[in-house]
Amino acid sequence: MKTFDQKSIIITGAAMGLGLAAAKELASQGANLTLMDFNEAQLSDAADNLTREFSSAKIITVVGDASNEDDVKRYASETEKAFGRIDGLYNNAGIEGKQAPMIEYDIKMFKKVIDINLMGVYYGMRYVIPVMQKQKYGRIVNVASVGGIRGVLNQVAYVASKHAVSGMTKNAALEYGKDGIITNAIAPGAILTPMVAEAFREVNPDDPKAAEAEYAKRNPTRRLGLPEEVAKVVAFLLSEAASYVNGQTIAIDGGESNMYGNP
């Protein structure tokens, strides 16, 4: 029997990057999936590819914006309608925003980052937790980023939003552990996703690969992480194997967040 047989799991930001990597990992372990993303074409391609690779997986898609409360209500209700329950939520949708010093940061962009990275996670928990309470069971994994456990130069909105996600994760663990709901967060470092690639393009538009290589030098492992490495941690936290891990923010960054200053 596979780890997630008959389990239904929602993944936001599922069309690419960490969301898609988690979808592949969970589908390979028997999960039924609700994939949510704002990009309809990429979401459709992701679902088609997963269905071809994992023919036994049941997959539904919801096109929507994680920062839109009605869209979040819809992915929760459609998951319950399709699968009868919601066993897991991977609150993955997020954006970096722009890079700028704190006092120069664009206010509209700041609010957009907060809406997607923070309110999107809050809405997800707000509308999924009641379903999990009825079941007396649930697993939630929020994405906090290493920007949720330390500062990151020129990314004030991102850091503020991700620290808040870590805090909400702790509160959810305290408030709903009694209902059989386990809530944790992950703090990925620089993982080779399209969002991270775009960040390196901002740092060095002429040679983003050079910016990537320079950043990797600081990591104890001397490399950047891979989406599938994050996906395996997510699967663990959504599984019964993590039944007594609650309210934690787990760094997945090769150890870089342990450093003080530059190596």
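A note on the model: it is predicted, so I kept local features at pLDDT of at least 70 and side-chain atom pairs at pLDDT 80 or more, while totals for chains, interfaces and linings use all residues. I number residues from 1 along each chain as its sequence is written, and side-chain values use heavy atoms, without hydrogens and water.

Next I looked along H4 and found a bend of about 35° at Met-119 (the angle between axes fitted to the seven residues ending there and the seven starting there). After H4 comes Lys-136, with a positive phi near 60°.

Then I turned to rings, and a search of the whole structure gave me three aromatic pairs (Phe, Tyr or six-membered Trp rings with centres within 6.5 Å; planes under 30 degrees apart are stacked, over 60 edge-to-face, the rest tilted). One of them joins Tyr-105 and Phe-110: the centres are 5.9 Å apart and the planes at 90°, so I logged the pair as edge-to-face. Tyr-105 is buried at 6% relative accessibility, whereas Phe-110 is partly exposed at 26% (buried is under 20% relative accessible area, exposed over 50%, partly exposed in between, with a 1.4 Å probe and protein chains only).

Key
Helices (H or I, at least four residues) and strands (E, at least two) are DSSP runs, numbered from the N terminus.
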